[in-house]
Amino acid sequence: MTNIAITIKTIEEKGVLDEITKIISYYNANISYTHLYIGKNNLGSINLELENIDKIDELINDIGKLKAIQSIEKHGSLKDIYGKRIIIFGGGAQVSQVAMGAVTEADRHNIRGERISIDTIPLVGEEEIAEAVEALSRLPRVSALVLAGSLMGGKISKAVANVKSEHDLIVISLNMPGSITEIADLIITDPIQAGVMAVMAIADTANFKVNKLKKNKF
């Protein structure tokens with residue numbers, strides 16, 4: 001059994017996706033991730049990551065027989081290519097400092113075989129940050145969240161608690177006023193160190209486990 005990703009180019013018309021998923025179901029494959037969009041000339045692009053495939057060539061051949069299908073490409077999954085993902089939310093200057101530490105540390109581990117990517121977005125406002133946190137449940141490959149701000153609590157803390165209850169996610173917060181420090185796994189004063197420790201917390205090539213620390217504030 002193997003895990004694989006395929007990209008299907010298809011004419012945009014009703015019922016195409018249903019026909020494709022019926023074939024995938026016939027082969028007892030599980031769809032672990034999907035992304036769809038409409039491109040130029042009314043052509044749709046369907047990216048599927050499939051688990052438990054032992055007859056991928058036969059599956060691709062059967063999908064290719066559908067009238068609307070234009071092409072099918074087989075390639076590595078996003079997890080294989082990009083690996084784990086760290087998300088950084090908060091104020092611009094603090095986000096950039098956390099990102100500096102995270103990118104530098106990720107480079108050290110990626111050279112040793114890891115695949116760790118860093119995503120950042122400077123956000124201001126309780127509603128905006130809470131909304132972004134809640135959206136993490138819809139993003140693939142997220143392993144750690146770093147909250148880089150001066151004051152976070154309320155709806156942000158509630159959103160973080162909800163995401164943590166549903167997903168295996170390490171949450172690191174800068175040391176700041178607000179209830180976010182009560183639910184974060186780590187509270188780090190220095191933003192560069194926060195980025196470094198976020199990478200160390202998720203890297204298989206690091207001998208560092210958050211749950212083995214005797215304290216969580218540094």
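Predicted model: local features only at pLDDT ≥ 70, side-chain atom pairs only at ≥ 80, totals over all residues.
Residues are numbered from 1 along each chain as its sequence is written, and side-chain values use heavy atoms, with hydrogens and water left out.

**View A. Salt bridge between Lys-74 and Asp-57.** A salt bridge is a side-chain nitrogen of Lys or Arg within 4 Å of a carboxyl oxygen of Asp or Glu; the whole structure holds nine. In this pair, the closest N and O atoms are 3.2 Å apart. The bridge links distant parts of the chain, with Lys-74 in strand S4 (residues 69-75) and Asp-57 in helix H2 (residues 56-64), 17 residues apart. Helices (H or I, at least four residues) and strands (E, at least two) are DSSP runs, numbered from the N terminus. Lys-74 is partly exposed, at 44% relative accessibility; buried means under 20% relative accessible area, exposed over 50%, and partly exposed in between (1.4 Å probe, protein chains only).

**View B. Salt bridge between Asp-204 and Lys-84.** The closest N and O atoms of the two residues are 3.2 Å apart. Asp-204 lies in the segment after helix H8 (191-202) and Lys-84 in strand S5 (residues 84-90), so the pair ties together parts that are 120 residues apart in sequence. Asp-204 is exposed, with a relative accessible area of 64%.

**View C. Salt bridge between Arg-85 and Asp-119.** The N to O distance is 2.5 Å. Arg-85 in strand S5 and Asp-119 in strand S6 (residues 116-122) are 34 residues apart. Arg-85 is buried, with a relative accessible area of 14%, while Asp-119 is partly exposed at 28%.

**View D. The largest pocket.** A pocket is an open set of points on a 1 Å grid over the protein atoms alone, where a 1.4 Å probe fits, with protein on both sides within 12 Å along at least five of seven lines; lining residues have an atom within 4 Å of a point. The space amounts to about 620 Å³, a volume being that filled by probe spheres set on the points, which are joined across faces, edges and corners. Of the 28 lining residues, Glu-49, Lys-79, Pro-140, Arg-141 and Val-142 lie nearest the centre of the pocket.

**View E. The second largest pocket.** About 280 Å³ of space lies here. The pocket is lined by 14 residues, of which Ser-143, Asp-168, Ile-170, Ala-201 and Ile-202 are the closest to its centre.
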